[in-house]
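These are my notebook entries on a structure that I examined element by element. I set down each item as I looked it up.

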Amino acid sequence: MFKINENYLKLPGSYLFSTIGKKVNAYAAAHPDKKIIRLGIGDVTQPLAPAVITALHGAVDEMARAETFRGYAPDLGYEFLRNAIAENDYKARGCDISPDEIFVSDGAKCDSGNIQEIFSVDNKIAVCDPVYPVYVDTNVMAGRTGVYDAGSETWSDVIYMPCRLENNFAPQLPKQTPDLIYLCFPNNPTGSTITKAQLQEWVDYANKVGAVIIYDAAYEAYISEEDVPHSIFECEGARACAIELHSFSKNAGFTGVRLGYTVIPKDLKCGDVSLHALWARRHGTKYNGAPYIVQRAGEAVYSEEGKAQLKQQVAYYMKNADYILKGLKDAGYTVSGGINAPYIWLKAPNGMNSWEFFDYLLENANVVGTPGSGFGPSGETYFRLTAFGSYENTIEAVDRIKSL
Ligand SMILES: Cc1ncc(COP(=O)(O)O)c(C=O)c1O
């Protein structure tokens, strides 16, 4: 008789976006005359940049001819794309990363979920709280997180690093020593960042205690401030302790196209075993590569035209972020994020908890956001708005909130 992976049964239901959907649908059905503005989900809305579209068309045409047709992609990704990544995302920033340390994939969600496979089940993980849920849930599936306590919504074997207003939404070095540390900056959901000096402290700490930092840089393109690092490899010593995850979803609107990459430096070792070799083995065994067409589209992201067009696209979303941030501040809200990230994180007013504020906003302003408590216990009483809507809707939503 077969048995299932019982770790899956330990997963608490993820009701966040389904509960939001149900509440919004019920409200819309009861009030068909109301225009509901959705600033909840972290998906982009702007079309792909013209340079990307041209590259996609060109690659499709190549696939139509026997002489230029491509089948399976190389395990690590096409060299043209890995070279463009190494040149633009690393060499241009003074980071020592070579193309053969880059693994092209279909996005950062899969990589952030799969990366834990190359580590022992005995490793202890540390995560920020609130957190992008994938890091914790995939460790639950692997049996690494211990027992769930429904009251505190925490796992017995996970080290939580609270990120709240009191610490500027930046995690402190944990008291208990972790083996794997998940960091994401600019952060989803809080929109916060840390400086290069702060990140250097994490790198030094990881090297001291023998931990690996899994650094999610999915929102790197939104950084506007000078002292905020774009890559953990800007820090001294990171090659010996860090893995970095990147996505093309938010910098280039590839949420529906699917492309990402993971960097594992060859210096990152456990004894004499290289993590690069383990991930290469895993990638080669379980993954057959991002499509040629999509990798050509990814290459276009780094063309001069592509860069200019995507800078404008990011600026479009950040204009929304700025409007939300300033508007809510003017209205007396305690607000953060929105400067180096497309997320605005606000404190629910008048002692409301996250869900109470969700209902209040839906009913009184017809605006949908995401309750902070859905991202972890320290997210309670906070609320996330995203800058990914249209400018017109964003203005209307903020003006409605201001006039409450
Ligand atoms: C922190 C973080 N990492 C990764 C992802 C997923 O990226 P991708 O679309 O490349 O899978 C998201 C998506 O929202 C995210 O917020």
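I counted a residue as near a molecule or strand if its C-beta atom, placed from the backbone, lies within 6 Å of it. The model is a predicted one, in which local features need pLDDT of at least 70 and side-chain atom pairs count only at pLDDT 80 or more, while totals for chains, interfaces and linings use all residues. Residues are numbered from 1 along each chain as its sequence is written.

**Entry 1: ligand shell**

I found 14 residues around the ligand, and the closest are Gly107, Lys109, Asn188, Ser247 and Ser249. I took helices (H or I, at least four residues) and strands (E, at least two) as DSSP runs, numbered from the N terminus. Helix 5 (residues 108–114) gives the most to this shell, with three residues. For classes, I counted Ala, Val, Leu, Ile, Met, Phe, Trp, Tyr, Cys and Pro as nonpolar, Asp, Glu, Lys and Arg as charged, and the others, Gly among them, as polar. The shell then has four nonpolar, eight polar and two charged residues.

**Entry 2: domains**

I took the domain bounds from an automatic or database domain assignment. The protein chain is assigned domain 1 (6–47 + 307–402) and domain 2 (53–304). The centres of the two domains, taken over C-alpha atoms, are separated by 25 Å. I note that 35 residues of domain 1 and 42 residues of domain 2 take part in the contact; two residues are in contact if their C-beta atoms, placed from the backbone, lie within 7 Å. On the side of domain 1 that touches domain 2, helix 1 (7–10), helix 11 (304–330), strand 13 (335–337) and strand 14 (343–347) each supply at least two residues. Helix 11 has the largest share, six residues. That side of domain 1 divides into 16 nonpolar, 14 polar and five charged residues.

I counted two strands as paired if DSSP finds at least two bridges between them. Strand 16 is joined to strand 17 (residues 382–386) over two bridges in the antiparallel sense. Pro371 has Phe383 in strand 17 as its bridge partner.

A second look-up gave an open sheet of seven strands in the order 2-10-9-8-7-3-6, with mixed pairing. Strand 2 (102–105) and strand 6 (158–162) each have a single partner strand, so one side of each is left without a neighbour in the sheet. Strand 3 (residues 125–129) runs parallel to strand 6, and five bridges join them. Ala126 stands opposite Ile159 in strand 6.

**Entry 3: backbone details**

I recorded a cis peptide bond between Asp129 and Pro130, with omega about 5 degrees. Pro130 lies in the loop between strand 3 and helix 6 (134–142). The bond from Phe185 to Pro186 is also cis, with omega near -10 degrees. I located Pro186 in the loop between strand 7 (180–184) and helix 7 (196–209).
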